[in-house]
Each structure stands twice: as C-alpha cells, then as structure tokens.
Amino acid sequence: MTLTPITNKIHIPDEELSGLADTFGIGTVHERRHLPDGLMNVNWRLDTATGAFALKRVTDIPLERLRRNLGAPGFLSEHGLPVCAPILASDGSAVAETPSGGYCLFPWAAGEHIPGASLTLGQAAALGGHIARLHVTLSRAADGRTLPRTPESIAVDVTSVERAVEKAERLAVAVAAQDSASTFDKEAAIALKARRAMIAAHTDRLPDGEVPVGPYGWTHGDLQYRNLLWSGSELSAVLDWDRVAVRPYAEEVARTAQVQFGGAEGFDLERVAAFVGGYRSMAPLSAAALEDAVHRLWWKRLTDFWQLEFRYNKGDHSFDRLFTQDDALLHWWTDRLDEVKAAFTSA
C-alpha cells in the first residue's frame with residue numbers, strides 16, 4: 001500500500017492568521033512567507049505595520065510542555081545570551097491555540113544559517129563556548145519558577161538489539177509492500193538489510209546501562225545550523241525552544257557536533273575538536289562523559305529509523321534526504337568509532 005504524502009503542512013487559514021495577529025497584538029499582517037528551513041514544525045515570516053515576526057506552529061509536543069519551555073528564552077535573553085524572548089498573547093501565555101495547532105511568535109531575528117562545515121575553526125570554537133554558557137545559564141533557570149528543578153537522577157533509554165531488529169524488519173515489510181517501488185524505496189530496502197547486518201555485528205557494543213556518565217541539566221534539545229543565526233563571525237540568535245528538557249550535557253554536545261559537522265562523507269573532525277574545545281574552555285566536561293555520549297549517540301543512530309517511519313508510517317517524505325545522509329555517516333562513523341571519540345576528547 002502506498003500512502004499519500006502530506007502536502008498541506010504549510011497552510012494556515014486567513015481567518016486563523018488574522019485571529020493570531022489580534023491575539024498577539026501585532027496589527028494587520030501585510031505579508032506572510034513560509035520559511036522552508038524547519039523540519040518538524042512550520043514557520044512563517046510575518047510583516048506588519050508594527051514590525052517583522054517569526055510565527056511557528058508546533059504540532060509534535062504537548063502545548064503545556066511548550067508553554068513551560070518558552071519560559072527559558074526570556075530568562076536567557078535577560079542574562080545576555082543571543083536569544084529572542086517570545087511575544088506573549090493577550091492572556092499572558094506564550095502559546096495561542098487554534099484548530100490547526102499551537103502557535104508561538106517571536107521578534108524577527110536577522111542573520112544567516114551557516115552549515116557546520118562552512119564555519120571557521122574560530123566560529124566552531126565560539127559555538128561550543130556559547131552552548132556552555134547556555135547550559136550554565138539554564139541551570140540557573142531551574143528555580144522551580146522559570147523551569148522545574150533538576151531531578152536528582154536521570155536515565156537514558158537504550159534501544160535493545162531485539163527492538164532495533166524488530167523495527168528494521170517491520171520497515172522492510174512496509175518497503176516491500178509499496179505498489180510501485182521508487183528509487184528511494186529500493187535504496188531503503190538495501191539500507192535496512194545492511195543495517196540489520198551492522199546491528200548483528202556490533203551486539204557487543206551496546207551502551208553500558210541507562211545511566212549516562214557526567215553532569216546533566218536543562219538543555220536546548222535541537223542545536224543545529226537551522227536553529228542558529230550568524231551575523232558575520234558572531235552568533236546572533238539561538239532559535240526554536242520547544243524541545244527544552246533535562247539531558248546529559250555531553251549528549252547535547254555530541255548531538256550538536258554530529259548535526260553540525262557530520263555529513264554523508266563523515267565528520268569534520270578538526271571542527272569537532274575545535275567545537276568541543278570551545279565548550280570545555282567555558283564549562284567542565286570530562287573525557288569519560290564525552291566518550292560515553294558519543295558511544296550512546298552512535299548506538300542510537302545505528303538502531304533508529306525515524307526518517308523511514310515518517311515516510312512509511314505517516315506518508316511524509318520530508319526526511320528522505322536526511323535518512324540517506326545519516327545512513328552514509330553512520331557507516332563512516334562505525335568504521336572509525338575510536339577515531340571520532342578521540343576527536344571529542346582531544347582538547
């Protein structure tokens with residue numbers, strides 16, 4: 001069976017848009033422009049008589065959690081970080097609800113998105129330092145008012161070999177059931193077969209338990225070039241605060257480095273080292289914590305198929321290219337796991 005791809009993700013009814021403009025008190029919208037850089041949620045630029053704004057529709061997390069998380073950017077902005085606080089609705093909330101979802105609004109932030117490989121070594125190091133400052137400042141926000149207090153312990157889910165194989169096999173059945181196999185379907189079938197073999201070959205490298213090494217606290221959750229704006233050589237804005245959660249700090253460092261400096265041809269290990277060095281120059285993070293985080297992230301990528309689940313379970317093809325890129329990186333990474341860990345701990 002072939003699912004119909006989602007095609008109306010960027011639509012917002014005129015009457016809803018007008019209502020949102022009234023709710024946020026920004027006046028009549030003269031122009032709206034869809035912003036294609038977002039992956040999960042949908043964003044627009046709105047131009048009004050009172051200025052330019054970024055409107056975001058959030059559909060993939062509970063709105064109460066979104067309201068909680070949007071307390072973080074205001075706190076960070078007050079403490080000098082390059083973050084835009086949300087504009088509050090008429091009821092004092094940072095989230096307005098309509099039939100099509102929950103919306104939040106921010107002042108328009110100028111700058112450009114720069115993919116990781118295009119950052120200079122100095123910018124990569126500066127980015128690491130900014131993230132360290134962000135983590136330290138978020139820890140101060142965990143006061144029970146801005147954000148809940150940090151729990152006394154955390155656990156991180158580790159996908160078992162059996163669960164990973166089951167997911168791969170289920171997706172392989174879905175691929176085979178397509179009425180007319182596309183080029184991507186054929187490539188996905190080959191990739192899933194190779195992934196099952198990789199998992200079988202590395203069952204002895206399952207991460208050690210669910211308790212990660214090193215410190216943890218409130219983190220951004222999706223630090224990558226689409227959510228970072230640069231003005232010249234300076235980081236001018238950190239965007240998208242809906243995924244704020246308590247995580248190991250080393251996990252966010254490792255994930256950010258992977259998304260920023262990893263691609264189909266592998267990691268840019270020189271920039272990884274500069275980035276992590278910049279972080280560690282501002283906040284302590286042990287080699288043991290970094291090695292643990294890199295290993296856990298590698299295992300997560302090995303055993304996760306979320307892009308294919310969007311395609312074959314939801315009919316959403318938005319992430320096909322990302323799967324192809326991440327799968328190529330995974331093969332490169334698996335062959336050089338110790339080399340990658342060394343780059344993360346060299347500074």
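View 1. Strand 1 (residues 29-35) pairs with strand 2 in the antiparallel sense, over 6 bridges. Two strands count as paired if DSSP finds at least two bridges between them. Strands (E, at least two residues) and helices (H or I, at least four) are DSSP runs, numbered from the N terminus. This is a predicted model: local features need pLDDT of at least 70, side-chain atom pairs count only at pLDDT 80 or more, and totals for chains, interfaces and linings use all residues. Residues are numbered from 1 along each chain as its sequence is written, and side-chain values use heavy atoms, with hydrogens and water left out. H34 stands opposite W44 in strand 2. Strand 2 also pairs with strand 3 (residues 51-58), antiparallel, over 7 bridges. A hairpin of 2 residues joins strand 2 to strand 3. T48 has G51 in strand 3 as its bridge partner. In strand 2 (residues 42-48), 5 of the 7 residues are buried, so the rest of the structure largely encloses this strand. Buried means under 20% relative accessible area, exposed over 50%, and partly exposed in between (1.4 Å probe, protein chains only).

**View 2. The R195 and D327 salt bridge.** The closest N and O atoms of R195 and D327 are 2.7 Å apart. A salt bridge is a side-chain nitrogen of Lys or Arg within 4 Å of a carboxyl oxygen of Asp or Glu. This pair links distant parts of the chain: R195 sits in helix 6 (residues 183-201) and D327 in helix 11 (residues 320-335), 132 residues apart. R195 is buried, at a relative accessible area of 3%. D327 is buried too, at 11%.

**View 3. Other salt bridges.** The structure holds 17 salt bridges. R311 bridges to D320, with the closest N and O atoms 2.3 Å apart. Both R311 and D320 are buried. Salt bridges with shared partners join K56, D240 and D242 into one network. R45 pairs with D47, the closest N and O atoms being 3.0 Å apart.

**View 4. The largest cavity.** The structure has 1 cavity of 30 Å³ or more. A cavity is a set of points, on a 1 Å grid over the protein atoms alone, where a 1.4 Å probe fits but cannot get out; lining residues have an atom within 4 Å of a point. The largest cavity holds about 40 Å³ of space. Its lining includes P82, H130, L223 and V238. Helix 4 (121-141) and strand 8 (234-238) are the elements that give two or more residues to this lining. Helix 4 gives the largest share, 4 residues.

Methods:
1 Å grid on protein atoms, 1.4 Å probe; cavity = no way out; pocket = protein on both sides within 12 Å on 5 of 7 lines; lining within 4 Å. Points joined across faces, edges and corners; volume = space filled by probe spheres on them.
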